[in-house]
Amino acid sequence: MTPDVDLTLLKPGRHAVRDTLLALDCRLFEFAAARNWPLAEPVLPRLSRSANHGVLWFAAAAAITASRTPRSRRAAARGLASLSLASLTINTLGKRSVRRTRPVLDPVPLVRRLKRQPITTSFPSGHSASAAAFAAGVALESPAWGAAVAPIAWSVALSRVYTGVHFPSDVLAGAALGVGAAYAVRGMVPTRAQIVPPARPRAEVPALPDGEGLVVVANDAAGSADRVHALQNALPGCEVVECRPEDVPAELEKAAARARVLGVCGGDGTVNAAAETALRHGLPLAVLPGGTLNHFAYDLGLESAGDLARAVRGGEGVRVDVGRFTCGDAQGIFLNTCSLGVYPELVAERDRWSRRIGGWPAGVLAALRVLRADRHPLEAEFRGRAHPLWLLFVGNGTYHRVGLTPGRRHDLADGRLDVRVVHGGRRPAVRLLAAALAGPLTRSPVHAAVQVGRLRLAGVAPGSLLAYDGEVTRVEGEVTLEKLPEALTVYRPLPGN
């Protein structure tokens, strides 16, 4: 390996301002080298070495993720993404643009020096950039975890001057670049706090300071025991009923008969069943996310037991729209999405294999089997001519995409059904991927979108599958999809409270 600095190059000419700043930088470096740093000798050199190649930050991300909360997982992922962008910028542009030599080690005591001295250029500090990028990225998603990581990041940056491998200006420039990388990542993938649904229309809901009157039905197959226990600790007066998936509807009915507030903990399918029960009994609904995706709870702004407990204690709630589908005498509701075509077949195929091989492998296998099928699951008639369709998606509320993030709803009471269609043709996998990348575009060769209040589908083939909030049913003939504006009252913490 050869150093990045070519010592044979001529030194630049004199420049008063630059020379003054460089002289000040050298004096600060010498001042730091001459100082006695209590307790730093056994810590900072080791900390500096542990940050080589980002090892320290990958370990920190693993520790943050181990807390098993959605916010901590997002914080860890954002921190690593920010670190990656900062490292890429440093190694491709930063160090090759300003080819500054490393400090002379003479003023630095031997005990502080690293055993293996870096041979790259000095400006800016890559370790400082990575440390600042990771800490800032984590803090933008989770201020609490950011406060925990910040002292470590600061110590790593400080260690680069302490060990004599960087001037102070190298560290400051690297830290500034790292923070900039974190904000650049936030521009591409906004934090969840940036997309807070409006707290309207507000609803009058009972305030339960200790949770008395709240009965929570928890689906024990969702693996949500920790969240239920956290809710009980926050609201000791609430009642929790844990049951198997097949017993959820019956337990919801029993709970609704004695509750002031009906609570539910589980995935979107369990929340759908609880919403249907709450609507029939005229009860407000308290949703504790306990599934894998938790679309409704997250779009509502509920992520943890603490969020829900704060709303229940303060009596904070809103009214939201509910989607309803009707086919003959059968009907059902959906809080998130309703779809026909490829997706319901994929869900049915996934459920068929999930008990044998697990959820994620079953999803991959289902996608491969469904997308390889040489047929169109839907047909639509327009001006007397049949047109093949791969997918018809209907969202309860308009889905938006910001940057590279998946679609999310900014308003759960906008009175609209978000209808998306993927046209038929060859190569369904390519068409579905193209439609996903098209995102909010209303017109594309494979994708169309429109927002309506009601949709009627005629001539649906017998036995067609319809998926709603992860559940699947069979429909045929005429299917009507409509909105029930502001029909459901739910708890959610209000901004500013």
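Is Phe-393 buried, exposed or partly exposed? Keep that residue in mind; the tour comes back to it after the whole chain and another pair.

**Whole chain**

Start with everything selected. The model is predicted. Colour by secondary structure: the chain contains 15 helices and 15 strands. Next, colour by accessibility. Of the 497 residues in the chain, 47% are buried. Switch to a surface view, where the accessible area of the chain is about 25100 Å²; carbon and sulfur atoms account for 58% of that area.

**Phe-325 and Tyr-468**

Now turn to the aromatic rings, which form three pairs in the structure. Select Phe-325 and Tyr-468, a tilted pair with ring centres 5.0 Å apart and an angle of 55° between the planes. Phe-325 belongs to strand 5 (residues 317-327), while Tyr-468 lies in strand 14 (residues 454-468). Phe-325 and Tyr-468 are both buried.

**Phe-393 and Tyr-399**

Select Phe-393 and Tyr-399 next. Their arrangement is edge-to-face, with 5.7 Å from centre to centre and 75° between the planes. Colour the two by accessibility to settle the opening question. Phe-393 has a relative accessible area of 21%, so this residue is partly exposed. Tyr-399 is at 13% relative accessibility and therefore counts as buried. The cut-off that separates the two partners is 20% relative accessible area, under which a residue is called buried.

Key:
Residues are numbered from 1 along each chain as its sequence is written. This is a predicted model: local features need pLDDT of at least 70, side-chain atom pairs count only at pLDDT 80 or more; totals for chains, interfaces and linings use all residues. Side-chain values use heavy atoms; hydrogens and water are left out. Rings of Phe, Tyr and Trp (its six-membered ring) pair if their centres lie within 6.5 Å; planes under 30 degrees apart count as stacked, over 60 as edge-to-face and the rest as tilted. Helices (H or I, at least four residues) and strands (E, at least two) are DSSP runs, numbered from the N terminus. Buried means under 20% relative accessible area, exposed over 50%, partly exposed in between (1.4 Å probe, protein chains only). Accessible areas come from the Shrake-Rupley method with a 1.4 Å probe; for residues, only the protein chains shown count as cover.
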